[in-house]
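Hi,

Here's the structure I said I'd pass on. Have a look at it first, then read my notes below.

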Amino acid sequence: MINTPRIPRALRDRVGEARRVFVITGAGISAESGVPTFRGKQGYWRNHNPLDLASPEGFARDPRLAWEWYLERRARLRRVEPNAGHRALARLERQVEARPGGAMLIATQNVDGLHQRAGSRRVVEVHGSIMRTRCTRTGREFEEGEVTVEGGSVPPISPAGALLRPAVVWFGENVPLEPIGRIQTFLEDPPDLALVIGTSALFGYIIAWALNAKSDGATLVEINPQRTDLGGQAHYALQAPAGQVLPELIPGESPTESPITG
Ligand code: OAD
């Protein structure tokens with residue numbers, strides 16, 4: 001085990017004993033894999049208007065422009081790998097599940113699939129997945145490879161002859177009830193540890209899940225090199241990159257990574 005002054009002993013012990021662990025992740029956990037975040041200096045929203053690329057109105061105006069951005073992001077995801085932070089969380093899930101009554105859930109705002117590729121099994125994709133698509137007419141969803149997206153016409157067309165859109169949550173849209181339900185069900189049995197990693201935590205539901213876990217007795221830990229409003233309410237705010245902190249917080253062997261599918 002690497003000892004760093006950054007991680008207090010009491011926190012290491014807490015992580016080493018936790019039985020119910022709730023994890024929220026955002027774009028920051030994938031930053032060290034080479035996936036840009038949204039806000040901040042190198043973030044997507046620095047150079048792009050989110051309402052052009054990630055809103056129903058923007059898509060209706062110019063679906064080709066939006067799709068070009070999503071195709072670029074999909075292509076990037078094929079070139080990147082999960083990092084040490086994703087791997088440490090996959091390891092933590094195995095460790096926690098081996099404890100009596102142990103369970104862990106990751107609620108990720110990321111659409112990149114990197115947690116699953118690192119070996120995490122209980123992952124709720126709050127904002128959907130960039131690799132899935134949805135027919136704008138029928139609402140039917142397609143897994144990657146079920147319909148032609150890359151290498152076909154832009155914007156891609158569904159089998160029903162309508163536009164396909166990425167199966168992600170856009171600005172102005174509600175998070176679907178299914179992921180919310182899975183998270184609420186998990187939180188009904190209060191977690192003893194809640195980790196909030198790599199998110200600017202601007203959305204009310206993210207803040208509410210974290211603070212509810214805390215008020216139900218969880219030790220709340222934020223991992224983010226920058227200060228956030230949520231960090232001020234955490235028991236521990238570790239201001240460092242997730243790919244450095246998580247392996248130190250969660251030592252041990254990693255499960256085997258899965259290859260990207262499709
Ligand atoms: P943001 O881009 O808002 O925030 C990323 C956070 O990660 C920032 O707080 C950074 O300080 C932090 N960060 C950067 N590098 C890090 C590292 N190596 N380790 C840990 N943290 C790091 O991304 P999100 O909070 O995920 O939604 O954004 C939430 C949602 O807003 C996204 O899902 C997306 C976006 O607009 C939609 O597109 C609907």
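Let's start with helix H11, where Ala-242, Gly-243, Val-245, Leu-246, Glu-248 and Leu-249 are the buried residues. Keep in mind that this is a predicted model. What do the buried residues of H11 pack against? Their partners are helices H1 (9-17), H2 (28-31) and H7 (84-97), plus strands S7 (193-197), S8 (219-223) and S9 (236-238).

Next up is strand S2, residues 103-108, which is mostly covered: 6 of its 6 residues are buried. Ala-103, Leu-105 and Ala-107 point one way from S2, while Met-104, Ile-106 and Thr-108 point the other way.

Strand S1 (residues 20-25) pairs with S2 over 6 bridges in the parallel sense, and Val-21 has Met-104 as its bridge partner in S2. Strand S3 (residues 123-125) also pairs with S2 in the parallel sense, over 3 bridges, with Val-124 of S3 opposite Ala-107.

Last one: helix H6 (residues 63-79). At 1.5 Å a residue, its 17 residues should span 24 Å, and the end C-alpha atoms are 25 Å apart, which agrees. Its buried residues include Trp-67, Trp-69 and Tyr-70. The buried residues of H6 pack against several elements, among them helix H8 (114-118) and strand S4 (128-135).

Cheers

Notes. Residues are numbered from 1 along each chain as its sequence is written. This is a predicted model: local features need pLDDT of at least 70, side-chain atom pairs count only at pLDDT 80 or more; totals for chains, interfaces and linings use all residues. Side-chain values use heavy atoms; hydrogens and water are left out. Buried means under 20% relative accessible area, exposed over 50%, partly exposed in between (1.4 Å probe, protein chains only). Helices (H or I, at least four residues) and strands (E, at least two) are DSSP runs, numbered from the N terminus. Two strands pair if DSSP finds at least two bridges between them. The expected span of a helix is 1.5 Å times one less than its number of residues. Contact means heavy atoms within 4.5 Å.
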